[in-house]
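Subject: Structure handover

Hello,

Here is the structure for you to look through. My notes on it follow below.

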Amino acid sequence: MQHVHDIRTMRRERNKNSNAVIGLVPTMGFLHEGHLSLVEKARNECDRVVMSLFINPLQFGPDEDYDRYPRDWDRDVALAEKAGVDVLFAPDASEMFPETLLTNINVSSISDVLCGRSRPGHFDGVCTIVMKLLQIIDPDTVYFGQKDAQQVAVIHKMVKDLNVDTNVTTCPIIREGDGLAKSSRNVYLTDEERKQAVILYETLQNTRRKIENEHWRRTEAIRKEMIRSIERMPLAKVEYAEVLTYPELKPILTIEHQRILLALAVHFGKARLIDNEILEVEG
Ligand code: AMP
């Protein structure tokens, strides 16, 4: 596996392999099986896999965890290598931002709900960095996890609106044995918080059953029931529990024949956890 830290070398690498099908897996490191599942998918579909590892300051708010975001370079290198990554692109911030950035990519409306409401500017930061990575690496396909369902919707829209010549592929959510979605931020959980955190998955599965088997259709009742279910855990603080259309992320009063997103953001102590479920509802 090649380590690349600068943009010029990354571009040279791409040009040397101009006929190869290139897959890009963007990450912020502290790798787990979720990230590695994206690599596996890319390995199956592409000739060469580039993983970017960059903790993107643009997507963190001033009071968020940029400074304490978990990092483990040696472990990440070993895991990426074992997973079959060909090029690990890990620039530092001065390489990505040699001067003040005056450009910002904003996908309006769908960036302003869910995580975008509580993290203003977050998706501008995501879009701007992803666009830079697409410009530098020029992949045929870029791989994202459904774990960040809103991110996937926003990136899809950006790529479509700006005619970016890259496919966007979404991979399923990888979970721990008890259902907790894998996340680099799970290390913030204390033992007790970790036990209670399984409530996100349980709530999503119970809600899915209520919609599919018991034909629950009124979104306000579903939202309230999700909040009630999560708040049974004494350490949980619900940030949002929403039912929206997907990928348009529009609110609805009643679920009809459509694809919907059940989305949760819940705080447990220092950890902010998100999880979701996408359902195709038949009438
Ligand atoms: P991150 O390093 O958290 O920015 O995540 C990098 C990529 O891995 C994003 O596309 C995430 O959606 C994806 N990802 C993170 N956790 C999971 C998971 N549990 N299952 C699948 N994909 C994931």
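Phe 60 is buried, and Tyr 69 is buried too. Buried here means under 20% relative accessible area, with exposed over 50% and partly exposed in between (1.4 Å probe, protein chains only).

Before the rest, the ground rules. This is a predicted model: local features need pLDDT of at least 70, side-chain atom pairs count only at pLDDT 80 or more, and totals for chains, interfaces and linings use all residues. Residues are numbered from 1 along each chain as its sequence is written, and side-chain values use heavy atoms, with hydrogens and water left out.

Aromatic rings

A search of the whole structure gives three aromatic pairs. Rings of Phe, Tyr and Trp (its six-membered ring) pair if their centres lie within 6.5 Å; planes under 30 degrees apart are stacked, over 60 edge-to-face, and the rest tilted.

Phe 54 and Phe 97 make a tilted pair, 6.1 Å centre to centre with 55° between the planes. Phe 54 sits in the loop between strand 3 (48-53) and helix 3 (73-83), and Phe 97 in the loop between helix 4 (93-96) and helix 5 (115-118), so the pair ties together parts 43 residues apart in sequence. Helices (H or I, at least four residues) and strands (E, at least two) are DSSP runs, numbered from the N terminus. Phe 54 counts as buried at 8% relative accessibility. Phe 97 is buried at 18%.

Phe 60 and Tyr 69 pair edge-to-face: 5.8 Å between centres, 80° between planes. Ring pairs link Phe 60, Tyr 66 and Tyr 69 into a cluster.

Charges over rings

Arg 68 lies over the face of Tyr 188, 4.7 Å from the ring centre. Arg 75 lies over the face of Phe 30, at 5.6 Å. The test: NZ of Lys or CZ of Arg within 6 Å of the ring centre and within 35 degrees of the ring normal.

Strands pair if DSSP finds at least two bridges between them. Eleven bridges join strand 8 (residues 258-268) to strand 9. Phe 268 stands opposite Ala 271 in strand 9.

Best wishes
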